[in-house]
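Hi,

Here is the structure I promised to pass along.

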Amino acid sequence: MSHDHRHDAAKDDGPPSEHEILSRALQELLEEKGVLTAEQVRKRMELFEAEFPQRGSRVIAHAWANPAFRKRLLADGKAACAEWGLDLEADRLIAVENTPQVHNIIVCTLCSCYPRALLGMPPTWYKSENYRRRVVREPRAVLREFGTVIADDVSIRVHDSNADMRYVVVPMRPKATEGWDEEQLASILTRDTLVGVALPRV
């Protein structure tokens, strides 16, 4: 892909997107009208940061440990998450499973659609135009910038989220985790592994 200069996809924050500007303007208007307070917004953001990212890790760890749940998750991600009391914002959640032959990676090429109820707030790099544009065209190069090297004989599939449909990656379970309980398994599942830009490390 040719352009004058190349930024690291994992580090290029860029200016705020149109959606971020509109979101901030709406928040300020609601605060001005007394519908909510800045303190309520702050607490909600803290919840997203502290609790929500752990939800996805726990769900995927359970899928690793429980073949029946894994099958339900792959068949209907939203229904499987509902078993955990998770109300996802999109109509559908599609769980895509990494295999020795296929590696999956998630993007939203239009804005920043993201399974927030599972993973919390999307990171800045996920929302950046640089990532959204490049990961579709040169996914291996972008993954290398995250320190993730995928063998040439493994296919890479890029999944484009939208307002009605979100994705989550089910990574391959490392062999060294045999006998681990779900809490231990969840500890190696990060937001980045569930987006597909990183691999679980023991």
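Let me start with R134, which is buried with a relative accessible area of 0%; here buried means under 20% relative accessible area, exposed over 50%, and partly exposed in between, with a 1.4 Å probe and protein chains only. Before I go further, some ground rules: this is a predicted model, where local features need pLDDT of at least 70 and side-chain atom pairs count only at pLDDT 80 or more, while totals for chains, interfaces and linings use all residues. Residues are numbered from 1 along each chain as its sequence is written, and side-chain values use heavy atoms, with hydrogens and water left out.

**Salt bridges**

Across the whole structure, the search finds six salt bridges (a side-chain nitrogen of Lys or Arg within 4 Å of a carboxyl oxygen of Asp or Glu). R134 takes part in a network of them together with E138 and E145. The bridge between E138 and R134 has an N to O distance of 2.5 Å, and both of these residues are buried. E145 also bridges to R134, with the closest N and O atoms 2.9 Å apart. Because E145 sits in helix α9 (residues 139-145) and R134 in helix α8, this pair ties together parts that are 11 residues apart in sequence. E145 is partly exposed, at a relative accessible area of 22%. A note on the element names: helices (H or I, at least four residues) and strands (E, at least two) are DSSP runs, numbered from the N terminus.

Another salt bridge joins the side chains of R133 and E129, at 3.7 Å from N to O. These two are four residues apart in helix α8 (residues 129-137), so about one helical turn separates them. R133 counts as partly exposed at 29% relative accessibility, and E129 as exposed at 53%.

**Aromatic rings**

The structure holds seven aromatic pairs. For these, rings of Phe, Tyr and Trp (its six-membered ring) pair if their centres lie within 6.5 Å; planes under 30 degrees apart count as stacked, over 60 as edge-to-face and the rest as tilted. W125 and F146 are edge-to-face, because their planes are at 70°, with ring centres 4.8 Å apart. The pair links distant parts of the chain, with W125 in helix α7 and F146 21 residues away in the loop between α9 and β3 (155-160). Both W125 and F146 are buried.

S112 lies in the loop between β2 (102-107) and α6 (116-119) and is buried, at 12% relative accessibility. Leaving aside residues up to four places away in sequence, S112 touches P122, Y126 and K127, where contact means heavy atoms within 4.5 Å. T124 is 12 residues from S112 along the chain, and their C-alpha atoms are separated by 9.5 Å. T124 is found in helix α7 (residues 124-127) and is partly exposed, at 38% relative accessibility.

Best wishes
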